[in-house]
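Open the model in your viewer and keep the sequence panel beside it. We will go from stop to stop, selecting as we go.

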Amino acid sequence: MYLNLDKITKQYRSSSEWAIQECSLSLAQGEKLYLIGESGSGKTTILCIIAGFERASSGSVSINGSVVESRDLS
């Protein structure tokens, strides 16, 4: 897989609620992904984590087989 998200979780320090909870997805090179959802559902947060602008609270992101983000909640 070209892009792989494994159980990405994000909680901002200023909030007691999860922005993203255990989001997993895989895309092969050339595939397209559309993120559709209500305002506040975590679409931008997922994109920011993939781009490296945000750090996940836990989970891992791999791009082209290389782990670019990996964090354990514990």
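In which loop does Asn64 lie? Select Asn64 and look: it lies in the loop between strand S3 and strand S4 (66–71). Helices (H or I, at least four residues) and strands (E, at least two) are DSSP runs, numbered from the N terminus.

Before moving on, note what you are looking at. Residues are numbered from 1 along each chain as its sequence is written. This is a predicted model, in which local features need pLDDT of at least 70 and side-chain atom pairs count only at pLDDT 80 or more, while totals for chains, interfaces and linings use all residues; side-chain values use heavy atoms, with hydrogens and water left out.

**Stop 1: the whole chain**

Show the chain as a cartoon. Along the sequence they follow the pattern β-β-α-β-β. The radius of gyration is 12 Å, close to the 11 Å that the globule rule gives for 74 residues, so the chain is as compact as a globular protein of that length. That radius is taken over C-alpha atoms, and the globule rule is 2.2 Å times the number of residues to the power 0.38. Along the principal axes, the C-alpha atoms fill a box of roughly 35 × 30 × 20 Å.

Now think about inside and outside. Buried means under 20% relative accessible area, exposed over 50%, and partly exposed in between (1.4 Å probe, protein chains only). Buried residues make up 30% of the 74 residues.

**Stop 2: the helix**

Select residues 43–51, which form helix H1. Which residues of H1 are buried? They are Thr45, Ile46, Ile49 and Ile50. These four cover an arc of only 135 degrees around the axis, which puts them on the same side of H1. The arc is that of the directions from the helix axis to the C-beta atoms. An α-helix has 3.6 residues a turn, so residues three or four places apart point the same way.

Next, show what covers them. The cover includes strand S1 (3–10), strand S2 (20–27) and strand S3 (58–63). Then step past the end of the helix. Gly52 follows H1, and its phi is positive, near 90 degrees.

**Stop 3: inside strand S3**

Select Ser60, in strand S3. Is Ser60 buried or exposed? Ser60 is buried, with a relative accessible area of 15%. Leave aside its neighbours within four places in sequence. Ser60 is then in contact (heavy atoms within 4.5 Å) with Asn4, Leu5, Asp6, Ile8, Glu69 and Ser70.

**Stop 4: positive phi without glycine**

Select Glu22, in strand S2. Glu22 is not a glycine, yet its phi is positive, about 50 degrees. Glu22 counts as exposed, at 54% relative accessibility.

Go back to Asn64. Asn64 is not a glycine either, and its phi is positive, about 55 degrees. At 56% relative accessibility, Asn64 counts as exposed.

**Stop 5: the loop before the helix**

Finish at Leu33, in the loop between S2 and H1. Leu33 is partly exposed, with a relative accessible area of 40%. Which residues does Leu33 touch, not counting those up to four places away in sequence? Leu33 touches Leu25 and Leu27. Now draw a distance from Leu33 to Asp72, 39 residues apart along the chain. Their C-alpha atoms are separated by 26 Å.
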